[in-house]
Amino acid sequence: LLVASVVAMPGTPAVAQPPAGNISKNVEFIANIPEMKSAIAINFIGETMFVSTAHGLYAYSLSDPAAPSLISSLPMYIWENEDMAVDEDRNLVFIARDPRGFTSPATPGSFPYGAIHVVDVSLGHAMTTVNTFQVEPTVIGDYNGKCHTATCINGCDFLWTGGPAKGVQQPEEWGGRPVFSYDVRDPMNPVPCPEPIDLGRNDGVTDYAHDVQVDAKGVAWVAGAGGVRG
């Protein structure tokens, strides 16, 4: 009901309430967005914050951080997108869909493969899915068919996908899924890179690589089983 009210009344401002209990003296409470209580991942383009939930993608203006306001919403069932990537230059949002994705909120289903949704957010008030491509088997093998995080690499020329845990079609010696990359310079025609990335991350064993973040020097830091590797 909360999500439905947000969609119906895009001009409704968020309600700022002070947090209960004590917080760090170095942290200042600004605002919260109660209707986004099921948020899974967030990212930013300029003063716009994108929030993914199991029910869809939402865009909020942060021009006044004390009063975030809903700009637009894109209802769709997404489970589970634990990190989404944004391309500021092309105004695109890349959302990873886990193969355990919902077919409806009441009927959780299981897809044979994961997928990436490419969403055009250039209009601001209206987000549009321009492409959805399956993370399906290629020359790499059947174990490539999963993902639930996405990270832009080299200005979003490439998309690194991570998670979830090991699938039944992965090599027996793997403890989990490593990183797989896609060339998305043409987002309408993505090209899978031929080899997985970050093998042997857990004391020499290829294991679960969950999420990737890139620092200011261009080093991609991968968090997952066995620790963090750059």
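Which residue in β3 is the bridge partner of Val51? The partner is Tyr58.

This is a predicted model, in which local features need pLDDT of at least 70, side-chain atom pairs count only at pLDDT 80 or more, and totals for chains, interfaces and linings use all residues. Residues are numbered from 1 along each chain as its sequence is written, and side-chain values use heavy atoms, without hydrogens and water.

The Val51–Tyr58 pair belongs to β3 on the Tyr58 side. Strand β2 (residues 48–53) and strand β3 (residues 56–61) run antiparallel and are joined by six bridges. Strands here are DSSP runs (E, at least two residues), numbered from the N terminus; two strands pair if DSSP finds at least two bridges between them.

β2 and β3 are part of an open sheet of four strands, ordered β1-β2-β3-β4, with antiparallel pairing. β1 (41–45) and β4 (69–75) each have a single partner strand and stand at the edges, so one side of each lacks a neighbour in the sheet. On average, neighbouring strands of this sheet are turned by 20° against each other, direction ignored; the axes are lines fitted to C-alpha atoms, and angles run from 0 to 180 degrees between N-to-C directions.

Two non-glycine residues with positive phi are listed below.
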